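The sequence and structure come first.

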Amino acid sequence: MEAAGSEWLLVPARRLVSWGAAGAMVFGGVVPYIPQYRDIRRTQNAEGFSTYVCLVLLVANILRILFWFGRHFESPLLWQSVIMIITMLLMLRLCTEVRVSNELNIKRRSFADFDLNYFWHWSKFADYVQCVLTFTGVTGYITYLLLDSSLFVETLGFLAVFAEAMLGIPQLYRNYQNRSTEGMSVKMVLMWTSGDTFKTVYFILNQAPFQFSICGLLQVFVDIAILLQVYLYSSYPQKPVSHTAHPASTKAL
């Protein structure tokens with residue numbers, strides 16, 4: 001009787017923990033962008049946030065959704081991608097509006113110009129949407145044609161998570177070049193490290209496709225490497241930075 005009573009309490013508790021972990025997985029990835037979004041709106045200055053972060057995350061999460069059609073994985077991971085895409089589009093819209101409002105007497109650039117020199121530096125949010133829809137349509141059509149190929153599906157999954165895992169590499173390299181972490185938000189790096197660690201543990205415990213776990217571990221490694229740079233470079237005099245540094249997250253390069 002006692003065992004039955006204990007089990008009656010444990011089952012709802014486990015279910016609650018499972019729901020909590022799933023909710024954290026779905027929404028946890030976008031949390032660090034909330035203060036960044038509010039700060040850009042407040043200051044009307046988007047220079048501290050690179051829209052290339054939005055580009056990489058949009059590509060990574062679109063590919064992840066396409067990967068789901070070839071190999072189903074945990075629903076929270078699918079919804080995480082949907083929420084992240086919406087968040088990145090909102091960030092792009094705000095950054096574009098702020099940047100254009102601060103620029104005077106310049107030629108307007110559009111996606112239809114097909115000018116690689118101004119790729120992902122267009123004047124209207126609609127141009128970014130056109131680019132995202134074009135990429136989604138082309139990759140979606142290719143995925144439809146090759147959906148029966150296990151090699152293609154597994155490669156698609158790897159590219160999706162590998163792209164996201166590489167987000168911290170430019171920051172790591174910039175710190176190495178400058179021999180300094182000046183202008184980088186350590187608080188945001190800590191948030192990414194804790195989030196990436198939780199995400200990787202979630203992948204492993206829920207037996208997500210192996211690509212997720214491997215790239216999650218790589219992401220944690222890059223985060224830790226950046227934190228080590230903070231410690232190492234703080235032990236030496238800061239080298240003057242030749243360009244203006246803006247506080248931003250590790251992913252906002």
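Glutamine 44 has a relative accessible area of 40% and is therefore partly exposed; with a 1.4 Å probe and protein chains only, buried means under 20% relative accessible area, exposed over 50%, and partly exposed in between. Glutamine 44 sits in the loop between helix 2 and helix 3. Helices here are DSSP runs of H or I with at least four residues, numbered from the N terminus. The phi angle of glutamine 44 is near 55°, a positive value in a residue other than glycine.

Phenylalanine 114 also has a phi near 55°, again positive in a residue other than glycine. Its place is the loop between helix 4 (75-102) and helix 5 (125-145). Phenylalanine 114 counts as exposed, at 67% relative accessibility.

The model is predicted: local features need pLDDT of at least 70 and side-chain atom pairs count only at pLDDT 80 or more, while totals for chains, interfaces and linings use all residues. Residues are numbered from 1 along each chain as its sequence is written, and side-chain values use heavy atoms, with hydrogens and water left out.

The structure holds six salt bridges, a salt bridge being a side-chain nitrogen of Lys or Arg within 4 Å of a carboxyl oxygen of Asp or Glu. Among them are the following pairs.

| Pair | N to O distance |
|---|---|
| Aspartate 39 and arginine 42 | 2.5 Å |
| Glutamate 164 and arginine 64 | 3.2 Å |
| Lysine 199 and aspartate 196 | 3.6 Å |

Aspartate 39 and arginine 42 both belong to helix 2 (residues 33-43); they are three residues apart, so about one helical turn separates them. Aspartate 39 is partly exposed at 34% relative accessibility, whereas arginine 42 is exposed at 63%.

What does the pair of glutamate 164 and arginine 64 tie together? Glutamate 164 is in helix 6 (residues 150-165) and arginine 64 in helix 3 (residues 51-70), so their contact links parts that are 100 residues apart in sequence. Both glutamate 164 and arginine 64 are buried.

Lysine 199 and aspartate 196 lie in helix 8 (residues 186-205), three residues apart, so they too are separated by about one helical turn. Lysine 199 is buried, at a relative accessible area of 7%, and aspartate 196 is buried at 1%. Salt bridges with shared partners join Arg64, Glu164, Asp196 and Lys199 into one network.

Key:
Helix = DSSP H or I, 4+ residues; strand = E, 2+ residues; numbered from the N terminus.
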